[in-house]
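Reader: I have a sequence and a structure to study. Please take me through them by question and answer.

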Amino acid sequence: MSRYFKAEITENISLNKDYSLLTFHPLTSSIDPGPGQFYMIGCVSDGGGSPESPAFKYVYDPLLKRPFSLFRRTDKGFQVLYRIRGKGTAIIRDMRKGAVVDVLGPLGNSYPMPPENKTALVVAGGLGIASVFYLAEKIAGSGGSAHIHYGARTETDLLMVEDLRTIAGTLNISTDDGSCGEQGCVTDMLGDFLAQNQTAAAAGVIYACGPHRMLEAVSVIAKERGIEAYISAEERMACGIGACLGCVIKTVNGYKRVCKEGPVFRAEEIVW
Ligand SMILES: Cc1cc2nc3c(=O)[nH]c(=O)nc-3n(C[C@H](O)[C@H](O)[C@H](O)COP(=O)(O)OP(=O)(O)OC[C@H]3O[C@@H](n4cnc5c(N)ncnc54)[C@H](O)[C@@H]3O)c2cc1C
Ligand code: FES
């Protein structure tokens, strides 16, 4: 089955001025995604014309699709949680219900589900929550529960918290400025949690997504405590399918393409 498909936008909800939640429904059959995989989404505008006009045409500018993690699946389609950064995401924010977009995916590898005797310790920094939410939801759906540590700069950068509460075993929140939850870094919160919960630490598997420095700190904590850890790396991408080598990162096993061999890597594999 092809990974290229056309999808209809079924919802595009603004969460606040910086973040939105897009839902798209494939118009043809598509491959089932795993947690941690991502989609390349075309940035399509209608060229300012009326869809009724014979001159109406969709405009693909920028030409390159943009990568977004699968946030979750709903009965309305696949969802991605996104931040408006530049031209592409501004166009995506303006895409209306009923618009048809080109999508490529699901791409990359997935987080492995935790073995039955292990506890998932999920760590998300900022938009990293977009990559790990579906994993936590799958764990909850299979009768397990994840300890989720979610940090952001400030309260308005904390997204979908109420939805997260419904799938988390425990949810610990931190913000850099103390506007919500504990004040400080999410990695400090993780360190404290592990110190106070020796059982979870001994039987834990860490899954993390967030800024590079956060992932590096998670990797140090995991190594010190001998905890298996998976991180999702993020690099700028052009093709998304392993052809352009634009997204390589250095690992102990040589350079690897984030879009093809990743985005999920064992933390110990990355050369920080
Ligand atoms: C595997 C993967 C999964 C991603 N998942 C999500 C997601 O779930 N939600 C989300 O909002 N974003 C996600 N991103 C980032 C997203 O792809 C970019 O924000 C988007 O491509 C920006 O497009 P733009 O045209 O709006 O910005 P551009 O005009 O291309 O760039 C605007 C600014 O954003 C910066 N920027 C662009 N891409 C990235 C990037 N990958 N990392 C850091 N800075 C970047 C640029 O340096 C520039 O300063 C993901 C990226 C990857 C590689
Ligand atoms: S984006 Fe082209 S190889 Fe990864």
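Author: Helices (H or I, at least four residues) and strands (E, at least two) are DSSP runs, numbered from the N terminus. The model is predicted: local features need pLDDT of at least 70 and side-chain atom pairs count only at pLDDT 80 or more, while totals for chains, interfaces and linings use all residues. Residues are numbered from 1 along each chain as its sequence is written, chains are lettered from A and ligands numbered from 1 in the order in which they are written, and side-chain values use heavy atoms, with hydrogens and water left out.

Reader: Which element gives the most to the shell around ligand 1?

Author: A residue is near a molecule if one of its heavy atoms lies within 4 Å of it. By that rule 19 residues surround ligand 1, and Pro67, Arg83, Gly88, Thr89 and Arg236 are the closest. Strand S6 (66-69), strand S8 (77-83) and helix H1 (87-94) each supply at least two residues. With four residues, the largest contributor is S6.

Reader: How many charged residues does the shell around ligand 1 have?

Author: Asp, Glu, Lys and Arg count as charged; Ala, Val, Leu, Ile, Met, Phe, Trp, Tyr, Cys and Pro as nonpolar; and the others, Gly among them, as polar. The shell has eight nonpolar residues and four polar ones, and the number of charged residues is seven.

Reader: Why does ligand 1 lie between domain 1 and domain 2?

Author: Domain bounds come from an automatic or database domain assignment. Ligand 1 lies between the two domains because its shell takes residues from both domain 1 (4-107) and domain 2 (119-269).

Reader: What percentage of the area of ligand 1 does the protein bury?

Author: Start with polar contacts, pairs of N or O atoms within 3.5 Å (within protein, one must be able to donate a hydrogen and the other to accept it, and residues adjacent in sequence count only if both atoms are side-chain atoms). A nitrogen atom of ligand 1 is 2.8 Å from a polar backbone atom of Leu81, and a backbone N or O atom of Ser69 lies 3.0 Å from a nitrogen atom of the ligand. For Glu234, a side-chain N or O atom is 2.9 Å from a ligand nitrogen. Taken alone, ligand 1 exposes 880 Å² (Shrake-Rupley method, 1.4 Å probe; for residues, only the protein chains shown count as cover), and the share buried by the protein is 78%.

Reader: How many bridges join S1 to S2?

Author: A hairpin joins S1 to S2 through four residues. Glu11 has Thr23, in S2, as its bridge partner. Strand S1 (residues 4-14) and strand S2 (residues 19-26) run antiparallel, and the number of bridges is seven.

Reader: Where is the residue Met160, whose phi is positive?

Author: Most residues other than glycine have a negative phi. Phi of Met160 is near 55 degrees. Met160 sits between strand S11 (146-152) and helix H3 (161-167), in the loop.

Reader: Which strand holds Pro106?

Author: Most peptide bonds are trans. A cis peptide bond joins Gly105 and Pro106, with omega about 0 degrees. The strand that holds Pro106 is S9.

Notes:
Pairing = 2+ DSSP bridges.
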